[in-house]
Amino acid sequence: MPRQLGDLEDAVMTRVWQWNRPVTVREVLEDLQRERSIAYTTVMTVMDNLHQKGWVRREVDGRAYRYTAVSTRAAYAAALMNEAWSKSDNPAAALVAFFGMMSAEQRRALEDAVRMVRVGGADTPDVPEALTVPEGAEVPGAAAAAEAPEAGEEGRPGEGGDEGSGPGR
């Protein structure tokens, strides 16, 4: 797992993930300029860095590149959580503390996620057969699980971050 994205990397990747299509530096620049003053070369450098780090792939389109995300924001957030959890000297205590930070909506999303992985077969790598979901299976509440708010929301520890900060946003 590569290191956590920096603020500008996250802002760029947010657009790439949200748009879910090949994007140019110019498109990302124009959208970022709605929020801040930023140079074309800065965005170009960030996107090149993201390519070098393996976050995006790129294809030549005329005199420019079109960039596409290599994985999803959900996969990125999951990798960050796994990395943090794996560094704990007491994983059970870390999970208990994490669950204690969750809002009611986040706990419902967790329950939905557990139901999702219990639904299916053995196609998911490194997940026991009893904990997998067949491809295309629909699980009630799955959309809510993907859109659960950050732990910093609703007066929890980490409060005060903006929508675009932190893992998974």
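**Rings, strands and charges**

Me: Is tyrosine 76 buried or exposed?
Reply: Its relative accessibility is 2%, and buried means under 20%, exposed over 50%, partly exposed in between (1.4 Å probe, protein chains only). Keep in mind that this is a predicted model, where local features need pLDDT of at least 70, side-chain atom pairs count only at pLDDT 80 or more, and totals for chains, interfaces and linings use all residues. Residues are numbered from 1 along each chain as its sequence is written, and side-chain values use heavy atoms, with hydrogens and water left out. At 2%, then, tyrosine 76 counts as buried.

Me: How many aromatic pairs are there, then?
Reply: Rings of Phe, Tyr and Trp (its six-membered ring) pair if their centres lie within 6.5 Å, with planes under 30 degrees apart called stacked, over 60 edge-to-face and the rest tilted. By that rule the count of aromatic pairs is four.

Me: What kind of pair do tryptophan 55 and tyrosine 76 make?
Reply: Their ring centres sit 5.0 Å apart. The planes are at 85°, so the pair is edge-to-face.

Me: How many residues apart in sequence are the parts tied together by tryptophan 55 and tyrosine 76?
Reply: Helices (H or I, at least four residues) and strands (E, at least two) are DSSP runs, numbered from the N terminus. Tryptophan 55 is in the loop between helix H3 (40-52) and strand E1 (56-61), while tyrosine 76 belongs to helix H4 (residues 73-86). So the pair ties together parts separated by 21 residues.

Me: Which residue in the E1-E2 turn has a positive phi?
Reply: Strands pair if DSSP finds at least two bridges between them, and six join E1 to strand E2 (residues 64-69), running antiparallel. The two strands form a hairpin with two residues between them. The one in the turn with phi of about 70° is glycine 62.

Me: What's the N to O distance between arginine 15 and aspartate 31?
Reply: They meet in a salt bridge (a side-chain nitrogen of Lys or Arg within 4 Å of a carboxyl oxygen of Asp or Glu), with both residues buried. Their side chains come to 2.7 Å.

Me: And which helices does that pair link?
Reply: The two residues are 16 apart, in distant parts of the chain. Arginine 15 is in helix H1 (residues 7-19) and aspartate 31 in helix H2 (residues 25-32), so to name them: H1 and H2.

Me: Is glutamate 35 buried or exposed?
Reply: Glutamate 35 meets arginine 15 in a salt bridge too, at 2.8 Å, N to O. At 55% relative accessibility, though, glutamate 35 counts as exposed.
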